[in-house]
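Subject: Structure handover

Hello,

Here is the structure for you to look at. My notes follow below it.

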Amino acid sequence: MKFDSLKVEGVRNLSIPSPLKFSPRINLICGPNGSGKTSIIESLYVLSLAKSFRSRSLQSVIQKDQDSMLLHALLTDNQRLGFMYTNEGERKIRFQGETIRSSADIAQMLPVQLLDHRMFEILEDGPAARRQLLDWGVFHVEPQFLPEWRAYSHALKQRNALLRKPPVNLKSLVLWERPLLQHAVNVQDMRARYVERLKPIFNETLGVFVPSIAKNIHLELASGWRKNESYQRVIEDQRDVDLKQGYTHSGPHRADIKITLQGAPAEQVLSRGQQKMLVSALKLAQAVLYKNTHGRPSIFLLDDLPAELDLEHRTALCRWLESLECQAFITSIDASAVQSLWHVDTEVAVFHVEHGQLTQGGSSP
Ligand SMILES: Nc1ncnc2c1ncn2[C@@H]1O[C@H](COP(=O)(O)OP(=O)(O)OP(=O)(O)O)[C@@H](O)[C@H]1O
Ligand SMILES: [Mg+2]
């Protein structure tokens, strides 16, 4: 599914009171610093995932002096999606006039992939951001991933609650370890399957972005527990330590994607620019795998693209987006840095943002 139009009330400095129509392919959003470019990307992200990538709480996304935010989008085939969030923390998601309880239902329909300055730094960050990137793909490719992940998280929460409250009843602890073990193994199997499918595609995309290192890069899933040991064994062995410290040390909640270059962690060897290229290749590989699985493209949100990638790599990224037929929303301070990158047949819409007001500023061809 794609975004056909967007209406925004009460989000940061934005004011888009009547629906603004998008291109099903490339949308360039240009304007000076502080004009509202990232807020538009953020609005689309909130609509698809019911959370922001900038702030932990949605309260800070609500316009100052407003009580709530309201987002409306028309999607492919005129399907209506609405999202409301208030300062009191009340949330409402509506799709085709019906209330939706689980935001995952919408996330499944709107496969949004974000590339912003934080995403480009995920090799240097802790494992949480890389795990999130990995799980985006597993969620979209393995239908059982979400229920298994939820069941695992529930068992983990119960076990941790028991560990935190001594004296611990060993019987109850073992009772929660049974579902913990079962769901942990299922989550790990799905992640491992996904990574195996991703690897050859990643090598191919990397060959375009950083050919000089593509052959030597190695991508590996770290399960979150000691290598070559069963999770059951690890849980039993670590029970005493877990009891002492009051939480579960090992498991899929500690999983990671390790990227190495001839055995050395990629972030210690690659330049900042090369790391960005590698992350771009990883995201594109995920988009290719998504399309191979579902037969339709994902949606890219690219914030401040020219600030992140040089002209050569920007152009390479655009060629991939075109060949995958992705819908993309690309922000830039300077329109000329993103306008000339496209094939003459690609439907490009250009928007200008000024003080939170968005106007269509010409399109091609
Ligand atoms: N809750 C809020 N209410 C009102 N305005 C806000 C709120 N949060 C942020 N802003 C303002 O919204 C404006 C738009 O911010 P945004 O990050 O979208 O700009 P931008 O065009 O992406 O800028 P840059 O090019 O610097 O990245 C900024 O002036 C910011 O101060
Ligand atoms: Mg910005």
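Leaving aside its neighbours within four places in sequence, which residues is K51 in contact with? They are V46 and L58. Contact means that two C-beta atoms, placed from the backbone, lie within 7 Å.

Before the rest, some ground rules. This is a predicted model, where local features need pLDDT of at least 70, side-chain atom pairs count only at pLDDT 80 or more, and totals for chains, interfaces and linings use all residues. Residues are numbered from 1 along each chain as its sequence is written, while chains are lettered from A and ligands numbered from 1 in the order in which they are written.

K51 sits in the loop between α1 and β4. Helices (H or I, at least four residues) and strands (E, at least two) are DSSP runs, numbered from the N terminus. K51 is partly exposed, because 16 other C-beta atoms lie within 10 Å. The scale is this: 20 or more other C-beta atoms within 10 Å of a residue's own make it buried, 12 or fewer exposed, anything in between partly exposed, with C-beta atoms placed from the backbone. From K51 to G273 is 29 Å, C-alpha to C-alpha, and 222 residues in sequence.

A50 is in the loop between α1 (37-49) and β4 (68-75). Its phi is positive, about 60 degrees, although A50 is not a glycine. A50 has 18 C-beta neighbours inside 10 Å, so it counts as partly exposed.

**Other backbone points**

Q96 also has a positive phi, near 55 degrees, and is a residue other than glycine. Look for Q96 in the loop between β6 (91-95) and β7 (98-100). Q96 is exposed, because it has 11 other C-beta atoms within 10 Å.

The peptide bond from P166 to P167 is cis, with omega near 0 degrees. P167 lies in the loop between α4 and α5 (170-209).

R150 belongs to helix α4 (residues 145-164). R150 has 12 other C-beta atoms within 10 Å, so it is exposed. R150 and H183 are 33 residues apart in sequence, and their C-alpha atoms are 8.9 Å apart.

**Around ligand 1**

There are 15 residues around ligand 1. N13, N33, K37, T38 and S39 come nearest. A residue is near a molecule or strand if its C-beta atom, placed from the backbone, lies within 6 Å of it. By class, the shell has 2 nonpolar, 10 polar and 3 charged residues. Ala, Val, Leu, Ile, Met, Phe, Trp, Tyr, Cys and Pro count as nonpolar, Asp, Glu, Lys and Arg as charged, and the others, Gly among them, as polar.

**The core**

The largest nonpolar core has 92 residues. Such a core is a set of buried Ala, Val, Leu, Ile, Met, Phe, Trp, Tyr and Cys residues joined through C-beta atoms within 7 Å. L44, L278, A281, L301 and I330 have the most contacts inside it. Helix α10 (residues 272-294) gives the largest share, 11 residues. Leaving aside neighbours within four places in sequence, A281 is in contact with F202, T205, L206 and F209.

**Helix packing**

Helix α3 (residues 127-141) and α10 pack at about 5 degrees, with their axes 10 Å apart. Axes are lines fitted to C-alpha atoms, for helices over the stretch in contact, and angles run from 0 to 180 degrees between N-to-C directions. The angle makes α3 roughly parallel to α10. Angles under 35 degrees count as roughly parallel, over 145 as roughly antiparallel, 65 to 115 as roughly perpendicular and the rest as oblique. From α3, W136, G137, H140 and V141 make the contact; from α10, Q286, L289, Y290 and T293 do.

Best wishes
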